[in-house]
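Here are a few exercises to work through with the model open. Try each one yourself before reading its solution.

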Amino acid sequence: MSDETAAGERVAIGIAFGNSSSSIAFTTPEGKAEVIANEEGDRQIPSILSYVDKEEFHGTQAKAQLIRNSKNTVAYFRDYLGKDFKSIDPTPSHQSAHPQQVDSTVAFSIHDTSDETPSTVTVSEITTRHLRRLKQSASDFLGKTVNAAVITVPTNFADAQREALVAAAKDAGIEVLQLINEPAAALLAYDARAETGVKDKLVVVADLGGIRSDVAVVASRGGIYTILATVHDYELGGANLDQVVMDYFAKEFIKKHKVDPREDVRGLAKLKMECEATKKALSIGTNATLSIESLTNGIDYGSNINRTRYELLAGKVFAQFTGLIESAVKKAGLDPLDIDEVILAGGTSHTPKIARLLESLFPEATQVFAPATLPSAINPSELAARGAAYQASLIQEFDTEDIEQSIHPMVTVTPHLSNAIGVQLVSADASAADAVFQPLVNVDTALPARRVAQYLAPKEGGDVLVRITEGAREIKVTKPEPVPKEKKEAKADDEDEDDSDFDSDEDEEEEDIRETVWKATKPIAEVAVKGVKAGAKIEVTININSDLGAQITAREVGGKGGVRLAVESQPNGSA
Amino acid sequence: PALPQGWSAEKDYKVLSALSSATQRNIEPVGPHFLAHARRKRHNRTFSEDDRI
């Protein structure tokens with residue numbers, strides 16, 4: 001069907017391989033990453049394989065088989081790959097083919113041939129078949145045989161799992177150029193957009209999936225990402241929200257018909273499938289219907305639910321999501337005030353309420369990238385695949401050896417600044433004690449690094465002192481001044497009508513005011529720039545090497561020369 | 001920048017102390033900026049050498 005790919009030519013795509021669903025994406029010649037829909041028109045392709053009379057079904061078609069043909073349907077297998085049978089949690093597979101122990105690996109017993117006896121298929125083989133179908137869909141779309149890919153994996157994927165994935169992909173005829181971490185892929189998907197400039201920022205990437213959720217705190221410094229902390233929850237995901245919707249409708253059904261559809265295997269499967277669709281509809285509209293033919297005992301069932309009720313019922317689950325994200329920030333030793341961006345990835349991130357809860361959890365300055373809070377947000381389900389496709393386009397010209405050398409720990413393990421380095425600004429009359437510190441090179445910046453910034457010189461010009469110091473961020477908590485009682489009463493007398501409004505405002509303001517304050521901790525160097533013109537700016541350039549030696553240049557903007565100096569690295573690394 | 005008063009030093013600068021020791025961390029091998037970093041590290045180039053190429 002597709003043209004032959006020329007020998008030696010690489011056609012690379014990005015693959016996001018998930019437990020619940022997978023996506024494929026490619027990069028257009030203009031450098032834009034685009035997600036490919038498979039022949040059924042799905043961009044989120046369920047990671048499910050099913051066999052009916054030796055015919056293989058994949059994606060949405062296989063998912064439909066969970067109801068009638070669950071024993072020959074394999075789902076939620078990604079996390080079994082490359083793992084010992086004893087270490088897996090088979091809970092998600094209760095309603096499909098059960099994982100079994102074969103030798104030391106995990107396998108499924110399914111009727112995938114016309115034989116009477118079921119065959120035993122290892123999870124590696126299942127993965128290969130799944131990837132082969134993804135490859136086929138991408139090849140059909142691109143008109144060229146795809147033979148290479150960048151695949152995303154969770155940050156805590158063990159080496160054995162990574163090796164097993166590379167091997168399974170090889171069997172499917174895909175050369176894995178690189179395995180990249182899911183949060184890095186999501187971040188890259190946003191940074192690859194032309195309108196995003198490179199700046200230093202702290203980002204929380206929350207990947208809220210179907211049956212697990214992963215949160216990573218990432219420092220982005222000069223376009224280079226460093227993961228500071230990760231947390232994982234294997235029992236939290238969209239499935240928990242499906243459960244909330246299921247329980248709600250099941251209870252309604254029991255009230256009407258005195259039977260619990262959840263006790264019937266097929267009824268449960270039908271209910272699960274439809275409730276997932278209802279939940280998705282609630283992310284878009286404020287009202288969603290559910291209708292199932294012959295749910296149980298041959299009874300048809302139809303009902304609806306509105307978003308408000310759903311959000312009320314799912315409040316606990318939503319709190320678990322925000323709690324997980326909060327714990328990741330804490331684990332990184334940070335405060336919500338430090339976070340510049342929150343990127344929501346994964347299918348569950350479409351839920352408007354989660355995005356809004358996060359907006360209130362983080363300060364106003366923090367941007368929450370989700371469809372509900374930012375119109376320009378990228379579809380959260382597509383982030384990982386787009387990031388992978390972009391990375392694939394960057395490295396597909398490289399030799400395999402080049403790629404291997406570049407991602408070697410020799411390259412990736414890098415010293416990072418343990419303190420921010422900046423310039424201390426002193427107002428003309430103030431003493432050095434309350435000097436303002438402005439960070440120039442942020443904490444956790446990968447070395448070597450170079451930063452340039454301009455500072456306003458004192459208005460009258462003259463000689464200027466530039467003091468380079470290390471700095472630390474502190475959270476300043478100020479209690480709001482208690483409003484005197486009399487005043488409150490007096491006001492209430494004046495404006496009787498506004499009384500209640502006024503009171504509620506007051507309650508909100510009772511919260512502590514928290515803000516970040518920079519403190520200069522250790523002076524590094526002082527530089528004098530002489531004879532600066534009035535109203536001029538001073539440009540400070542700092543270059544830090546990986547051995548912590550630094551070169552600093554300070555000069556007047558537009559002026560010549562300036563002062564250069566070098567800070568020697570410490571002789572034996574002790575403070 | 002601040003006004004100095006009676007401040008003087010040889011060649012107009014003085015180094016007061018070295019930087020605090022760094023922490024070793026793993027960077028994510030993705031993105032154009034990482035690839036540039038990897039290229040510099042493998043060929044032992046500095047920023048300015050890289051700019052010239």
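**Exercise 1.** How many of the 13 residues of α10(A) are buried?

*Solution.* A quick note on ground rules: this is a predicted model, where local features need pLDDT of at least 70 and side-chain atom pairs count only at pLDDT 80 or more, while totals for chains, interfaces and linings use all residues. Residues are numbered from 1 along each chain as its sequence is written, chains are lettered from A and ligands numbered from 1 in the order in which they are written, and side-chain values use heavy atoms, leaving out hydrogens and water.

Step 1: Take buried as under 20% relative accessible area (1.4 Å probe, protein chains only); helices are DSSP runs of H or I, at least four residues, and strands are runs of E, at least two, numbered from the N terminus.
Step 2: Go along the helix; the buried set is A:L383, A:A384, A:A385, A:G387, A:A388, A:A389, A:Y390, A:Q391, A:A392 and A:I395.
Step 3: That makes ten of the 13, so α10(A) is largely enclosed by the rest of the structure.

**Exercise 2.** Check the span of helix α10 (residues 383-395) of chain A.

*Solution.* Step 1: The expected span is 1.5 Å times one less than the number of residues.

**Exercise 3.** Find what A:L383 touches.

*Solution.* Step 1: A:L383 lies in helix α10 of chain A and is buried, with a relative accessible area of 0%.
Step 1: Count contacts as heavy atoms within 4.5 Å. Leaving out residues up to four places away in sequence, the partners of A:L383 include A:A185, A:A189, A:Y190, A:L344 and A:I378.
Step 2: Look at A:A189: A:L383 is 194 residues from it in sequence, yet 5.8 Å away in space, C-alpha to C-alpha.

**Exercise 4.** Which residues have the most contacts inside the largest nonpolar core?

*Solution.* Step 1: A nonpolar core is a set of buried Ala, Val, Leu, Ile, Met, Phe, Trp, Tyr and Cys residues joined through side-chain atoms within 4.5 Å.
Step 1: The largest one has 47 residues, and A:I339 and A:L344 have the most contacts inside it.
Step 2: Helix α5 (residues 238-257) of chain A gives the most to this core, with eight residues.
Step 3: Apart from it lies another core, of 38 residues, among them A:A189 and A:A345.

Key. Buried < 20%, exposed > 50% of the residue type's maximum accessible area, 1.4 Å probe, protein only.
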